[in-house]
Number of protein chains: 2
Amino acid sequence: MTEQSPCCEVTVIHEDRVKQVRQNMPPEENLFNLAELFKVFGDTTRIRILYTLFQSEMCVCDIAYLLDMTQSAISHQLRVLKGAKLVRYRKEGRVVYYSLDDEHIKAIFDQGYQHIQERN
Amino acid sequence: MTEQSPCCEVTVIHEDRVKQVRQNMPPEENLFNLAELFKVFGDTTRIRILYTLFQSEMCVCDIAYLLDMTQSAISHQLRVLKGAKLVRYRKEGRVVYYSLDDEHIKAIFDQGYQHIQERN
DNA sequence: TGAATATATGAGCATATATTCATATTTAAG
DNA sequence: CTTAAATATGAATATATGCTCATATATTCA
């Protein structure tokens with residue numbers, strides 16, 4: 001039993017099904033990128049930031065105050081959200097206003113919200 | 001400038017907007033649970049497992065073979081998916097068949113998929 | 001130009017997590 | 001009962017990550 005081969009014998013594997021499923025799998029790169037996207041959503045602070053931005057564009061300072069977190073922590077997370085192209089920003093003097101940059105986020109969150117409510 | 005208070009002065013904060021946004025925020029517990037859900041989606045292995053289950057119910061052995069990973073690794077991740085109530089299982093002798101247990105997953109993934117494709 | 005303010009960022013630390021390895025558990029078959 | 005096979009699981013390790021702290025950058029205003 002090596003690492004590469006499965007633990008079970010070929011006779012027990014459903015070879016045909018596995019082959020067919022493998023053919024219909026999306027490209028590995030897409031699955032990786034999808035996981036990366038959800039990883040961004042997988043943090044309470046970022047979720048909270050995005051929910052504030054659902055309602056209104058807001059500056060870093062406002063967000064930090066609203067969520068009762070340090071400016072630094074918020075800024076770091078906004079950087080992550082920017083990297084994932086989920087938010088955009090505009091500068092007005094020294095103030096930087098962040099807003100949503102994707103119309104899928106709300107739909108994704110709504111679906112997730114339904115899941116966590118129905119599983120109880 | 002303490003940790004608790006924001007970095008900026010009250011005059012620069014948009015107090016009214018912040019107050020209104022705060023009132024319309026979903027309960028903290030729901031945001032936490034939502035983040036926990038997306039955390040489960042935020043791993044390539046689990047994403048790959050779920051995509052195989054979109055197509056067909058499958059045993060642990062099949063999944064490990066299909067994804068070229070050890071049985072142990074798959075089993076650990078299936079445990080996580082089970083904990084999130086995303087998959088169910090049925091036993092047939094020593095073989096355990098896993099399948100999807102939530103109709104929102106596909107919708108969530110489809111939306112995410114659109115995001116990662118459109119952002120290029 | 002100099003002080004003040006809003007934001008960004010790098011380093012460090014504490015924590016979370018994905019995989020491996022060894023082993024336990026469960027069930028079938030002889 | 002004994003062996004074999006499929007799955008589950010605990011411990012350990014390596015890596016990733018969120019926050020803090022200190023500080024840099026950028027912009028306004030006097």
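Where is the place of B:K85 in chain B? The legends below take up this residue and several other close-ups of a predicted model.

**View 1. A loop residue of chain B with positive phi.**
B:K85 sits in the loop between α5 (71-83) and β2 (87-92) of chain B. Its phi is positive, about 55°, although B:K85 is not a glycine. B:K85 is partly exposed: 16 other C-beta atoms lie within 10 Å.

**View 2. The contact between chain A and chain B.**
Chain B gives 53 residues to the contact, and chain A gives 53 residues. On the side of chain B that touches chain A, five helices each supply at least two residues: α1 (15-23), α2 (28-41), α3 (44-55), α4 (60-67) and α6 (104-118). The residues on this side of chain B comprise 27 nonpolar, 16 polar and 10 charged.

**View 3. The relation between the two copies.**
Chain B superposes on chain A by a rotation of 180°, with 0.0 Å of shift along the axis. The RMSD is 0.0 Å. This is the relation of a two-fold axis. Both copies use the same surface, as 100% of the contact residues of chain B recur in chain A.

**View 4. Helix α2 of chain A.**
Helix α2 (residues 28-41) of chain A has 14 residues. From first C-alpha to last, α2(A) reaches 20 Å, close to the 20 Å expected at 1.5 Å a residue. Its buried residues are A:L31, A:N33, A:L34, A:L37, A:F38 and A:F41. Seen down the axis of α2(A), they fall within an arc of 165°, so they line one face of the helix. That buried set packs against α3 (44-55) of chain A, and also against α2, α3 and α6 of chain B. The face of α2(A) turned away from the buried side carries the exposed residues A:E28 and A:E29.

B:H115 lies in helix α6 of chain B. With 21 other C-beta atoms within 10 Å, B:H115 is buried. Which residues does B:H115 contact, leaving aside its neighbours within four places in sequence? They are A:L37, A:D102 and A:H104. For scale within chain B, B:H115 and B:K39 are 76 residues apart in sequence. Their C-alpha atoms are 18 Å apart in space.

The buried residues are B:V60, B:C61, B:D62, B:I63, B:A64, B:Y65 and B:L66. Their cover includes α1 (15-23) of chain A. It also includes α3, β1 (58-59), α5 and β3 (95-100) of chain B. After α4(B) comes B:D68, with a positive phi near 55°.

A:D68 is found between α4 (60-67) and α5 (71-83) of chain A, in the loop. Phi of A:D68 is near 55°, a positive value in a residue other than glycine. Is A:D68 buried or exposed? A:D68 is exposed, with 10 other C-beta atoms within 10 Å.

**View 5. The sheet of chain A.**
Three strands form an open sheet in chain A, in the order β1-β3-β2, with antiparallel pairing. β1 (58-59) and β2 (87-92) of chain A stand at the edges, each with a single partner strand, so one side of each has no neighbour in the sheet. β2(A) is joined to β3 (residues 95-100) of chain A by six bridges, and the two run antiparallel. Within this pair, A:Y89 stands opposite A:Y98 in β3(A). In a regular strand, side chains alternate between the two faces of the sheet.

β1(B) pairs with β3(B) in the antiparallel sense over two bridges. B:M58 has B:Y98 of β3(B) as its bridge partner. β2(B) and β3(B) are also antiparallel, with six bridges. Here B:V87 stands opposite B:L100 in β3(B). The hairpin of β2(B) and β3(B) has two residues between the strands. In this hairpin, B:G93 takes a positive phi near 70°.

Technical notes. Residues are numbered from 1 along each chain as its sequence is written. Chains are lettered from A and ligands numbered from 1 in the order in which they are written. This is a predicted model: local features need pLDDT of at least 70, side-chain atom pairs count only at pLDDT 80 or more; totals for chains, interfaces and linings use all residues. Two residues are in contact if their C-beta atoms, placed from the backbone, lie within 7 Å. Helices (H or I, at least four residues) and strands (E, at least two) are DSSP runs, numbered from the N terminus. Ala, Val, Leu, Ile, Met, Phe, Trp, Tyr, Cys and Pro count as nonpolar, Asp, Glu, Lys and Arg as charged, and the others, Gly among them, as polar. Copies are superposed by least squares on the C-alpha atoms of residues with pLDDT of at least 70 in both. The expected span of a helix is 1.5 Å times one less than its number of residues. A residue is buried if 20 or more other C-beta atoms lie within 10 Å of its own, exposed if 12 or fewer, and partly exposed in between; C-beta atoms are placed from the backbone. The arc is that of the directions from the helix axis to the C-beta atoms. Two strands pair if DSSP finds at least two bridges between them.
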